[in-house]
Amino acid sequence: MGSGKGDVTVVAGVSGIVGRAVATRLIAGGGTVIGLSRTPPNPAIAGLTHVGVDLTDREAFAAALAANAANATAVVFAGRAPNPDPAVEADRNLAMLRHVVEGVEAAGAPLAHVHLVHGCKWYGSHLGAYPTPAEEDDARAEVRNFYYDQQDYAVARTEAGASWSWSALRPHVLTGFSLGYPHNLIGVLAAMGTIRRERGQKLSFPGTEKCFFSLTQVTDLGLLVDAILWCMATPAAQNEAYNVICADYFRFCDVWHDIADFFEIQPAEVKTQTLGEAMIGAEGMWLGLAKREGLIEPDLARIANWGYGDTNFRIWWDDMASNAKIRRAGFETPERVITSRSAILGALQAYRDAKVIP
């Protein structure tokens, strides 16, 4: 179904955190990856065949795929075109998926599987409190959501006799390494902790008290890639959607001291302020720090999106999704039982190992 050695996989959104991780794993396993994005991944991915294309441009996209995707057996759709209007966002992202899938089909490829990377916004996790722990067959939120449109498209196509099966995963906030990706909370923590240490400050929590003490969850990036490849290769997972999160839930108040220890500074309690205010002047300081420590990324904006951090640090409701369905289907193995604490600290260590932070 398109995840083994010698297979050809089209990864849409290859410059993003998920697309990059999937492409890197597939190439390391001997697969061939055709990566689609408007700009090439930065840093580059060794062995990747990159096709620079706007997924919303159907004609240009069809021509690009005709020349590159004739042997593709699978599609991993990890692209997204955000828009503040949910209806516009849904229409645009559905069109992008159709352009990819139908472009691969038009190229005459032996397409066998299409995987959709979604998330817990399926349950309205971005809108406010919702029934927890969320399960895959819960009622949809009463707002337009491109996840619904994309999955409905996949269901309709397979029921109409398409040559391929589909699967979808619903992770939550990802813990993993990336640069230039705006929705990475670990990048925010990595930069914030480093700056606080450089300034001789304690690590206070910049969000709200309700967020500090609420239950939440994360998805380890490596765990998500494992689950994507498992879905693509497992017959029982075809035409199914699964939540995939770490093995436990946590509160920021219970891991905050561990995060402070990582940076070798003192933890502090809640001090609610926007990170934009707290980090005034940090860009210039980061340039000097990068030069002094030999760091690989002098542009602080490619590491941390303060606005994304502010949004996550102000969620007052519990975020909890059930892992029961994917466990029952056979995905869970001992090495895939990853705690939230280890996922967060492991991702921070990846930034240090890559010389993004000292």
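## Salt bridges and nonpolar cores

Arg-157 counts as partly exposed, at 22% relative accessibility; buried means under 20% relative accessible area, exposed over 50%, and partly exposed in between (1.4 Å probe, protein chains only). This is a predicted model, in which local features need pLDDT of at least 70 and side-chain atom pairs count only at pLDDT 80 or more, while totals for chains, interfaces and linings use all residues. Residues are numbered from 1 along each chain as its sequence is written, and side-chain values use heavy atoms, with hydrogens and water left out.

The side chain of Arg-157 meets that of Glu-105 in a salt bridge (2.7 Å, N to O). Because Arg-157 lies in helix 4 (residues 146-159) and Glu-105 in helix 3 (residues 86-106), the pair ties together parts that are 52 residues apart in sequence. Helices (H or I, at least four residues) and strands (E, at least two) are DSSP runs, numbered from the N terminus. Glu-105 is partly exposed, at 26% relative accessibility.

The structure holds 16 salt bridges, each a side-chain nitrogen of Lys or Arg within 4 Å of a carboxyl oxygen of Asp or Glu. Some of the pairs are tabulated here.

| Arg-157 | Glu-105 | 2.7 Å |

Asp-149 is buried at 16% relative accessibility, whereas Arg-144 is partly exposed at 36%. Lys-325 is partly exposed, with a relative accessible area of 25%, and Glu-240 is partly exposed at 29%. A network of salt bridges links Arg-25, Asp-226 and Arg-336.

A nonpolar core is a set of buried Ala, Val, Leu, Ile, Met, Phe, Trp, Tyr and Cys residues joined through side-chain atoms within 4.5 Å. The largest has 78 residues, and Phe-252, Trp-286 and Trp-306 have the most contacts inside it. Helix 7 (residues 221-233) gives the most to this core, with 10 residues. A second, separate core of 33 residues includes Leu-65, Ala-81, Ala-162 and Trp-166.

Contact means heavy atoms within 4.5 Å. Leaving aside neighbours within four places in sequence, Trp-286 is in contact with residues including Ala-191, Ile-195, Leu-300 and Val-356.

Phe-252 is one of the buried residues of helix 8 (residues 252-262), among them also Trp-256, Asp-258 and Phe-262. The cover over these buried residues includes helix 5 (185-198), strand 11 (267-270) and helix 13 (340-353). Helix 8 is followed by Glu-264, whose phi is positive, near 60 degrees.
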